[in-house]
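Subject: Structure handover

Hi,

Here is the structure to look through. My notes follow below it.

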Amino acid sequence: MLDLFLVRHSITYGNTLGRYIGKRTDEPLTKDGIALLKRRYYPQVQTVFTSPLKRCVQTAALCYPDTPVHTLEELAECDFGEFENKNYKELSGNDKYQEWIDSNGTLPFPGGESREAFMERCQRGFSRCVEYCLREGLHSGALVVHGGTIMSILDAYAVPHQGYYDWQVGNGGGYQVRTSAVVWNERVQELHVVKKLAE
């Protein structure tokens, strides 16, 4: 069996303001974000995969200080385009934003990624992580990534299936999921969600 912990990075300044903090905004953690991680317990694992963005790299270093880390570009957050580093108040009156809201978040971000392209990228990165663990004979690993990355992975592979937005998780939270070489390589690729991590 392979147990993976999908962990969302801790708090950044933009998070406290409800902004769309994506691939273009490379914010560090706040003091509160660092303190949050020190209050939490994260089961130790054999390897860690992380987005290249500071908030994930810092979170990984705090949660898994003595564990080998692999950085994958595919695991970065979505490119929010024109909405990047703005919140709903700052986007109020923006026609493109209203169109995006009216589409239930299914339209591409203006000047950024479409949800489909983002999800495909995240799933490609996640597959690389699983295949590495199986190839190396590992039984545990963690992905320290973004909320959108976790939603993309679970929307694609979690059983029973739930929608993209049903997998939202708070800063420092996440999910424990499980698969195996037989399930991943020989059957339909799927993840059993073991539990939600404490938030």
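The side chain of Ser103 has a polar atom 2.7 Å from the backbone oxygen of Trp100. I count a polar contact as a pair of N or O atoms within 3.5 Å; within protein, one must be able to donate a hydrogen and the other to accept it, and residues adjacent in sequence count only if both atoms are side-chain atoms. Ser103 sits in the loop between α4 (95-102) and α5 (115-135). Helices (H or I, at least four residues) and strands (E, at least two) are DSSP runs, numbered from the N terminus. Ser103 is buried, because its relative accessibility is 16%. Buried means under 20% relative accessible area, exposed over 50%, and partly exposed in between (1.4 Å probe, protein chains only).

Before the rest, the ground rules. This is a predicted model, where local features need pLDDT of at least 70, and side-chain atom pairs count only at pLDDT 80 or more, while totals for chains, interfaces and linings use all residues. Residues are numbered from 1 along each chain as its sequence is written, and side-chain values use heavy atoms, with hydrogens and water left out.

Backbone points

Most residues other than glycine have a negative phi, and most peptide bonds are trans. These places depart from that pattern:

- Asn104 is not a glycine, yet its phi is positive, near 60°. Asn104 is in the loop between α4 and α5. Its relative accessible area is 60%, so Asn104 is exposed.
- Asn85 also has a positive phi, about 65°, and is not a glycine. Its loop runs between β3 (69-71) and α4. With a relative accessible area of 30%, Asn85 is partly exposed.
- The peptide bond from Val159 to Pro160 is cis, with omega near 0°. Pro160 is in the loop between β5 (158-159) and β6 (174-179).

Helix α6

How many of the eleven residues of α6 are buried? Ten are, so helix α6 (residues 147-157) is largely enclosed by the rest of the structure. Among them are Gly147, Gly148, Ile150, Met151, Leu154 and Tyr157. Asp155 is also one of the buried residues.

Leu154 has a C-alpha 23 Å from that of Glu136, and the two are 18 residues apart in sequence. Glu136 lies in the loop between α5 and β4 (140-145). Glu136 is partly exposed, because its relative accessible area is 45%.

The chain as a whole

The chain has seven helices and seven strands. From the N terminus, the order is β-α-α-β-α-β-α-α-β-α-β-β-α-β. The radius of gyration is 16 Å, close to the 16 Å that the globule rule gives for 199 residues, so the chain is as compact as a globular protein of that length. That radius is taken over C-alpha atoms, and the rule is 2.2 Å times the number of residues to the power 0.38. The C-alpha trace spans about 50 × 40 × 25 Å along its principal axes.

Of the 199 residues, 53% are buried. Take the contacts (heavy atoms within 4.5 Å). Of those between residues at least 6 apart in sequence, 69% join residues at least 24 apart.

The side chains include 22 positive and 25 negative ones, and the centres of the two sets lie 6 Å apart. Lys and Arg count as positive, Asp and Glu as negative; His and the chain ends are not counted. Each charge is placed at NZ of Lys, CZ of Arg, CG of Asp or CD of Glu.

Best wishes
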